[in-house]
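Work through the exercises below with the sequence and the model at hand. Try each task before you read its solution.

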Amino acid sequence: MRKSPAALSAAVLLSVLLGACTDDSVAPQAAADRGAVITYSETEPANPLVPGNTNEVGGIAVLGALFRGLLEYDAKTAAPRNAVADAITTTDSRIWTITIKPNWVFHDGTPVTASSFVDSWNYTAYSPNLMRSASYMANIEGFDQVNNAGPDGRQPAALPPAKQLSGLRLVDDHTFTVTLKAPFSQFGIRLGYAAFYPMPAAFFTDRRAFEAHPVGNGPFRFVSHTKGKNLLIERFDGYGGAQKPSIAGIDYRFYTDLDQAYADVLADRLDFLSFTPWRATQGNQIEKDLPTTRRAAYKYLGYQAIAFPMFDKRYADRRLRQALSMAIDRPALIKQIFNGTRVPAAGLVPPNVQGYIPDQCGVLCTYQPQKARQLFDQVGFTGPITLTSNVDSGNREWVEVVCRSIAQTLGHPCVFQPQTTLGEFRAALNNRQIDAVYRTAWVAGFPSVENFLNPLFRTSGASNVGQYANPQVDALLAQADAAPSQEQANSLYQQVERMVLQDMQTIPIWYQSATAAWSSRLHDVHPTLFRELDYFSVTVSK
């Protein structure tokens, strides 16, 4: 039996360098305080913390502390390793046998069993449950029988003929098998993502009670959530994982002003900020504000972009979308706003992801004012171009610069329309209440080129909020998914990336990087490749 991708070496799966400032003159640390709760700036989860219904960055961050899946991903390299899984094996990439380790428990003391995964996946897949991550189950045999949602994700009046995926079979309390519709070499590496987390029996008996007080199986357990203010979790000492956190808990703070969060870090009122605001980059201000022992520049698996709501016919002509992309001077934007500390995006897959090839976008992601104006004039777009974004995570300044670049290049008005919080912004996008060009971003859920394509650009993909649809893209993605080797799959995924970029529903701006900052009492601080703090390494001085 050959092992799944989950068992491959980290070097084969991904090779990443994490940049961080260091200081050889760091004083010896004080003894760690295991009773310390750290404060952490994060966007508020947009929805109740149900794994199969959460796909935005704030919710995913909290779920990653509350739950653990079959796999987990290394904080420094993103390489997968078994967590709840004892073994994940396949001989043909179609039939997978999964065994889980004994003695894992949920926070309510009930055991994590094979049923915890099977029941959770069935619930997520069943379209009347309206789970946002249902499409992650689409490769499993029987999905079409349990999910009859339309291309826009809406559930018709008629219920699907089945409630359980025929491709899931329980063998015993610690073993189950998964039969896919067709071979899918990437299936194994997906299994640490939130959509595949297990859920306790309590969820299925009273979902509303679970949403009010989520029960996971991760290193921390839920304590409380005060809307618009904070969410508190505490260390779960019954956690079954090999690594254990030393901190006592995390108090997630929901700032609507990133400058205020940064000011609180400087004043030691906030312990961790995963990315610092625009003003910290101006004149290298952060170097004056903080010593190298309290900040680190790092790259993570993602990109920033703007995108189009394809359900609005005003954006149907791809020449318009291409024109806007070529009207953006990315290097000038990065120099002005980020002091040159970002890399202009030339594709949808970042350089630190296996399967990346450079310059997939070609001329369409470069500043071409004459071509942009020519294409735009051919379309005959009327009315102002409106760009919108949430402003609670430091996006106002750069989106305004993008808007000015578009207006100046095209000789056409562009208006910025701010949205208060990411949660409200995402809810409006999901409900098709936004008809403007919108800021978007992607942070990988798992380290694969496939994760940058299927969720975002497949018809009805879990994160396809712009409702992009291209039958040729869908067909090519299906071929890539079923490819017999990683090399063949990557070649097909790369073709998909080029095709999607020609359509330009999503305009990549830069590859994700940031500078994290933290309080004087934190030590061993390591931002991860998923734009989070490594909870297992961080310590707090007494």
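Buried means under 20% relative accessible area, exposed over 50%, and partly exposed in between, with a 1.4 Å probe and protein chains only. The model is predicted: local features need pLDDT of at least 70, side-chain atom pairs count only at pLDDT 80 or more, and totals for chains, interfaces and linings use all residues. Residues are numbered from 1 along each chain as its sequence is written, and side-chain values use heavy atoms, without hydrogens and water.

**Exercise 1. Confidence**

Task: Find what pLDDT the protein chain averages, and where the pLDDT is below 50.

Solution: pLDDT is the predictor's confidence in each residue, from 0 to 100. The protein chain averages 91, and 94% of the residues score at least 70. The pLDDT is below 50 over residues 1-29; beyond near neighbours in sequence, this stretch has 56 contacts in the model (heavy atoms within 4.5 Å).

**Exercise 2. Positive phi**

Task: Locate Asn 103 and Ser 460, and decide for each: buried, partly exposed or exposed?

Solution: Start from the background. Most residues other than glycine have a negative phi. Asn 103 has a positive phi of about 75°. Asn 103 sits in the loop between β5 (95-100) and α3 (114-125). Helices (H or I, at least four residues) and strands (E, at least two) are DSSP runs, numbered from the N terminus. Asn 103 is exposed, because its relative accessibility is 71%.

Next, Ser 460. Its phi is positive too, near 65°. Ser 460 lies in the loop between α16 and α17 (471-481). At 34% relative accessibility, Ser 460 is partly exposed.

**Exercise 3. A hairpin**

Task: State in which sense β4 and β5 pair, and over how many bridges.

Solution: Strands pair if DSSP finds at least two bridges between them. β4 (residues 85-90) and β5 are antiparallel over 5 bridges. Ala 85 has Ile 100 of β5 as its bridge partner. The hairpin has 4 residues between the strands, and in it Ser 93 takes a positive phi near 65°.

**Exercise 4. Aromatic pairs**

Task: Classify the pairs Phe 203 with Phe 204 and Tyr 303 with Phe 452.

Solution: First, the rule. Rings of Phe, Tyr and Trp (its six-membered ring) pair if their centres lie within 6.5 Å; planes under 30 degrees apart count as stacked, over 60 as edge-to-face and the rest as tilted. The count is 29 aromatic pairs. Phe 203 and Phe 204 are edge-to-face, at 5.1 Å centre to centre with 90° between the planes. Phe 203 is buried at 1% relative accessible area, whereas Phe 204 is partly exposed at 31%.

The planes of Tyr 303 and Phe 452 meet at 35° with centres 6.4 Å apart, so this pair is tilted. The pair links distant parts of the chain, 149 residues apart: Tyr 303 is in strand β12 (residues 295-307), Phe 452 in the loop between β16 (437-443) and α16 (454-457). Tyr 303 is buried at 2%, and Phe 452 is buried at 0%.

**Exercise 5. Disulfides**

Solution: A disulfide is a pair of cysteine sulfur atoms within 2.5 Å. There are 2 disulfides. Cys 403 lies in helix α14 (residues 396-410) and Cys 414 in strand β15 (residues 414-419), 11 residues apart. Cys 361 and Cys 365 are buried, and so are Cys 403 and Cys 414.
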